[in-house]
Amino acid sequence: MTDTATIYALSSAPGRAGVAVVRLSGPAAAEAVLALTGREVPKPRTASLRRLKDADGAMIDEALVLWFEAPGSFTGEDVAELHLHGGRAVLAALFARLSQLPGLRMAEPGEFSRRAFEHGRFDLTEAEGLGDLINAETEAQRKQALRQMRGGLSDLYEGWRTRLTHALAHLEADIDFADEDLPEGVAAEVKPQLARLREEIAAHMADSRRGERLRDGLMVAILGAPNAGKSSLLNALAQRDAAIVSDIPGTTRDIIEVHLDLGGYPLILADTAGLRDSADRIEGEGVRRALARAEAADLKIVLIDAADFVAGDIPAATRDLIDADALVVASKCDITEVPEGEAVNDRDVYPVSVKSGAGLIAFLDALRAEVESRIGLTGSATITRARHRTALEDCVAALDRFLSGASNTAELAAEDVRLAARALGRITGRIDVEDLLDVIFRDFCIGK
């Protein structure tokens, strides 16, 4: 890292608050504390009540000052934290004073975490986990982010990379030190090891993108004919009037989205236009968008008016949407009763009345179970970002080339293993040729 400036920023939420936390990190942090308080930094990890003063000696505020000595700090640098009152004028006065001090500047977004990564405090996946933890809105998101921040993905990927590095060391040794007294068949032993590793990675990737869906929210589309009760169901699930409810067909024309926490799982719930043929160009566009959202959705809630269901008059456009990714609701059951145990296209039908509340609990339980089966936490860490998946795909592709023998020389085969290891290293941000050298000389004692 070439930037030696000491950075500062508000680390707590912006706006008025009882307490605000301002963090400073870098070589001039101790001098900044001395300039602000007229006293040396307190003992590490000990809170000290100090008066913060401006350039003229006038008091800005009283604050608790904490000192974290490098490398045992969040960033790996000398870090000071100022816990002061969270008024806007207080913070403005403090930042004005900090901007006057030599060697200090305002931090860029994410720069504290960037410095922590560059000083080896955590790797890229752990840094991403920290960001996800800060942004988590549901309990399941919090648990997934905490697992990643504490090294769940890092340990898995670094373990795989270590195995690749060892295999590569054996291949390189077989090539470069063929005249040395090395064990026979070293390279031949590598292939079954890497075949097993390839299957482990492939199994990890075959996760239906559950980690990414949990992080971003499961896309759920509410679909059905006009006046089937889609907007009423959306409002009932959101527990507010998010969509206009009317008995006039075609009221909903554009997609209305609501973010919902369902038992700790994040949903992006979309109310869509009623599915029917229409000469109205605007309504027709709404229907097109509804069908596009149905195609893109992770899960569909398909509504059928109870009267149509009982009469056996389910609209074809509605029936066509009922598949393994659909939950079927017979709506308006306060008007027309639908017996329990019915099904359409081998999917259970849940009789619901939004008006009376009948059936809502049973449907919510079914919805939650369906969501949990798709994005619920498993026993191991899961992929949470597209960049992870892309790197893993590159790793598997390189291993496939090696295992197929497509690389017709030992050097090219070793290069495929090296590329596989580098792909994993891109995920965590730890790519170091010294790892390879260490393994070669430790395992084979070259030049003893």
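Trainee: Where does Asp-346 lie?
Mentor: In this predicted model, Asp-346 lies in the loop between strand 12 (343–344) and strand 13 (347–351), where helices (H or I, at least four residues) and strands (E, at least two) are DSSP runs numbered from the N terminus. Residues are numbered from 1 along each chain as its sequence is written.

Trainee: Is Asp-346 buried or exposed?
Mentor: Asp-346 counts as exposed, because its relative accessibility is 77%; buried means under 20% relative accessible area, exposed over 50%, and partly exposed in between, with a 1.4 Å probe and protein chains only.

Trainee: And what is phi of Asp-346 near?
Mentor: Phi of Asp-346 is near 65°, a positive value in a residue other than glycine. Most residues other than glycine have a negative phi, and most peptide bonds are trans.

Trainee: What about Asn-227, where is that found?
Mentor: Asn-227 is found in the loop between strand 7 (218–224) and helix 9 (230–238), and its phi is near 65°, a positive value in a residue other than glycine. Asn-227 counts as partly exposed, because its relative accessibility is 28%.

Trainee: Which peptide bond is cis?
Mentor: The one from Ala-70 to Pro-71 is cis, with omega near 0°, and Pro-71 is found in the loop between strand 4 (59–68) and strand 5 (79–86).

Trainee: Switching to helices, at what angle do helix 14 and helix 15 pack?
Mentor: Helix 14 (residues 386–404) and helix 15 (residues 410–428) pack at about 170°, with their axes 8 Å apart; axes are lines fitted to C-alpha atoms, for helices over the stretch in contact, and angles run from 0 to 180 degrees between N-to-C directions. Helix 14 is therefore roughly antiparallel to helix 15, given that angles under 35 degrees count as roughly parallel, over 145 as roughly antiparallel, 65 to 115 as roughly perpendicular and the rest as oblique.

Trainee: Which residues in helix 14 meet helix 15?
Mentor: Among them are Ala-391, Leu-392, Cys-395, Leu-399 and Phe-402 in helix 14, and the residues that helix 15 brings include Val-417, Ala-420, Leu-424 and Ile-427, with contact meaning heavy atoms within 4.5 Å. By class, this contact of helix 14 with helix 15 has 13 nonpolar, one polar and five charged residues; Ala, Val, Leu, Ile, Met, Phe, Trp, Tyr, Cys and Pro count as nonpolar, Asp, Glu, Lys and Arg as charged, and the others, Gly among them, as polar.

Trainee: How do the axes of helix 4 and helix 5 cross?
Mentor: The axes of helix 4 (residues 124–135) and helix 5 (residues 139–149) come within 7 Å and cross at roughly 155°, and the two helices are therefore roughly antiparallel to each other. The residues of the contact of helix 4 with helix 5 divide into five nonpolar, three polar and four charged, including Leu-130 and Leu-133 in helix 4 and Leu-146 and Met-149 in helix 5.

Trainee: What does Gly-264 touch, leaving out residues up to four places away in sequence?
Mentor: Gly-264 touches Thr-138, Glu-139, Ala-140 and Gln-141. Gly-264 and Glu-139 are 125 residues apart in sequence and 4.5 Å apart in space, C-alpha to C-alpha.

Trainee: Where is the place of Gly-264, and is it buried or exposed?
Mentor: Gly-264 is in the loop between strand 8 (256–262) and strand 9 (265–271), and it counts as buried because its relative accessibility is 8%.

Trainee: What is Phe-95 in contact with?
Mentor: Phe-95, whose place is in helix 2 (residues 88–100), is in contact with Tyr-8, Ala-9, Leu-10, Val-22 and Met-106, leaving aside neighbours within four places in sequence. Phe-95 is buried, with a relative accessible area of 18%.

Conventions
This is a predicted model: local features need pLDDT of at least 70, side-chain atom pairs count only at pLDDT 80 or more; totals for chains, interfaces and linings use all residues. Side-chain values use heavy atoms; hydrogens and water are left out.
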